[in-house]
Every structure is written in C-alpha cells, then in structure tokens.
Amino acid sequence: MYDRGTAIECSVYVRTRRRQCRHVSNVVRYAPPVQANKVTIRDVAARAGVHPATVSRALSVATRHQVNPDTARRVIDAAQALGYEPDLTARTLRTGRTATAGVMIPDLTNPLFPPIVRGIEDYLAERGFTALIANTDNDAERERGVLRALRARNVDGFILMTAHRNDETLATLIRSQTPVVTVNRVAPGPDVSSVNADDDAGINAVVDHLVELGHRRIAAVAGPRGLSTGRARNRAFTARLRTHGLDPHGVIYARAFSEAEGRRCMHELLTDTDATAAVAANDMLAVGCLDAMRERGLRCPKDMSITGFNDMLFMDKLNPPLTTVRIPKTAMGTEAARILLDRLLDRTTATQHSTLPVNLVVRESTAAPHR
C-alpha cells in the first residue's frame, strides 16, 4: 500500500546488444479512497436518545425483550436511518460468541434435508443467528474437513444430520463440550440432544395398513445398520409384525439411504421371496424398489405393494404415487434450532430429546394382494 500522493515511476527497459535505453513513461499518483466515518453504536444511541447499552440490547434479538417495545422500535429506526452495521468482530470479542451454528448434512441432493434446513435457518435468523451449512456427501474424510473448517470459524454450536454409530465428529464435539443437536438420528449415550420423527408410530401404521389390506407375506428393505434411523425402523417393523402373529418375509439391509441401494436390495429380495408387500425404510429406498420392479416387468401394487417413509417432495407424482409416512420436516429443523439456542443462551443445560408425531399417507402403491 502506498502513502497518499506517492509518485510511482514506471520505467521500461529496452536492451539490445550495443546499448541500453531508459525510457521513463507516465507518472502515476495513487490516492487511497477516503473512507466515510463509520456509524457507531454511540451515534445510534444519540439519535434514539438512549444509553449505548440499551442500543446493544435492543438490536440483539436475544436481549430485545429486556427493552421497552417503544424504545426498541426507536432504536431500530435510528439504526436503519443511520445505516448502522454492527461490528461482528467486536461483538465476538465482547460476548465470546459468533452468533453462528454449523449445520452438517450428509447429502445435499436428498430432498429430505432442504425442508429441515429451512426450519433451522428461519428459527435462527429470527433470533439473530446465522446457519453455516455444509454438505459431507457421506464421506468421512470430507466430514473431517468440514468439521475443521466450521470450528476454525468459531461457530457456537452444531446441528448434525450426519450422526452414525461410532461417529468421530460427534465424539470430537462431545469431548470439546461444544453444544450439539442431532436431527433424524439418535446419538449413542445420554449427553447429546436430539430431534426425531416417531419412527415406531410410523412403521406401526405402515404394517397395520398392509395387514388390513390382507398382506401376510411382508418383507423389508431396511436402512443401514450403522444409522440409528435404520436400526429403529427395522426393530419396529419386526416387533409390529409379531403383534399380528407374523414374521418378516425377508429383510435386505441397504448400505445407504439411496435410490441405487433400494434398487439393489429389491433385486436381491425378488430372487429369494414370494412376499406380496415390502416396507422400505425411507422414500429413496422405495423409489429404488420401484425401479427394480419395472426392470423385471413387475407392476406395483399388483405384483407387490411398496411403502416408504418421510413423504419427500414429489412422492405423490411417482407412478404409482407412493404410500408413505409423512414426517414434520420443517418442524424438526425448527425444534433442533430451538434446543440449540436454549443451550447457547443459557436457558438450560439439560439434554433434550424431542420426538415429533407422524402420519400415514395412503396412495396408490399399496393394495390388497393379488396372489
């Protein structure tokens, strides 16, 4: 950086075998831009006729309730009129917080996650916090890099949709006593807050529906054993069948909650079962099951009924439209953000586990058995 008015001599040297010519070209004068005086919190206080500390409380969503509503409105109007922008670095040094939360998701392309993220973002934004969203692509090395990057930015806490058995990321956060909430996963151990849909109620409703239609040979395309969601839904499936005096008519475990794995599992299932219905552990697996059936010339539900779980976007547009369990995706994100802020704002230090209600959505992928 040059001082104001510094002259810079730009020279071009031309060399030949016999002589050296020195040519002095233009003289350029550099003048750094003049920065306008930055609006401070004291300027806002003077315009609103209040103490600077009142401005701080009024402009923070977390502490605005401590200020008279009329005074808070006057402060906000003054800040907007002056174009005041808070100094985030100073606030971080003063409070020890960055007002940010790291949100880690396993697969950005999975339609399950955007509504959950929307719930998180909206709740945090209304309270002056920002969500920093990172996709791990279900890759352990990438997840480690994401964790390092978010911690380097001093996020105040984490919301994880990536947790699995023996989770290294979760263990790291627990050791460092970083506030963390898992979504759509139940973390091992009692010290991690979580938000989940009611997996048992959802699977119970699916099994009851199939039994009421007359199905007795019911198979499962189960979720990954390393994920709590996969284990919980498969346990519920087996337990509910037994209340009807039935046993699973084949269970194939997926390696991931993906369409490709649903297709693979259904091909494997169809080589060794005469099941009339299959319960897929989530919608992506169910879509893969339908793919495999079409590839074999089979029709759903005439040859086999298929059910899913989550009721992702466009499940009603499939051929046939998918019978599935609807979970409150946006509400799950909102609840996770609420629990995290309860910890960050010192409203509670207790671990919280929230289970939200679900409901069965019956569509055309299920019918009475034809064989």
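A disulfide is taken here as a pair of cysteine sulfur atoms within 2.5 Å, and in this predicted model the count by that rule comes to zero disulfides. The sulfur of Cys265 has its closest cysteine sulfur in Cys289, at 7.3 Å, which is too far for a bond.

The surroundings of Cys265 were then considered. Cys265 is found in helix 10, which spans residues 259–270, and, when its neighbours within four places in sequence are left aside, Cys265 is in contact with Val221, Ile252, Tyr253 and Ala254. For Ile252, which lies 13 residues from Cys265 along the chain, the separation between the two C-alpha atoms is 5.9 Å.

A separate helix pair was described in terms of axis geometry and contacts. The axes of helix 1 (residues 41–48) and helix 2 (residues 52–59) come within 8 Å and cross at roughly 100°, which means that helix 1 is roughly perpendicular to helix 2. On the side of helix 1 the contact involves Ile41, Arg42, Val44 and Ala45, and these meet Pro52, Val55 and Ser56 in helix 2. The residues of this contact of helix 1 with helix 2 divide into five nonpolar, one polar and one charged.

Key: Residues numbered from 1 in each chain as written. Predicted model: local features only at pLDDT ≥ 70, side-chain atom pairs only at ≥ 80, totals over all residues. Heavy atoms only, no water. Axes fitted to C-alpha atoms, helices over the stretch in contact; angles between N-to-C directions. Helix = DSSP H or I, 4+ residues; strand = E, 2+ residues; numbered from the N terminus. Parallel < 35°, antiparallel > 145°, perpendicular 65-115°, else oblique. Contact = heavy atoms within 4.5 Å. Nonpolar A, V, L, I, M, F, W, Y, C, P; charged D, E, K, R; others polar.
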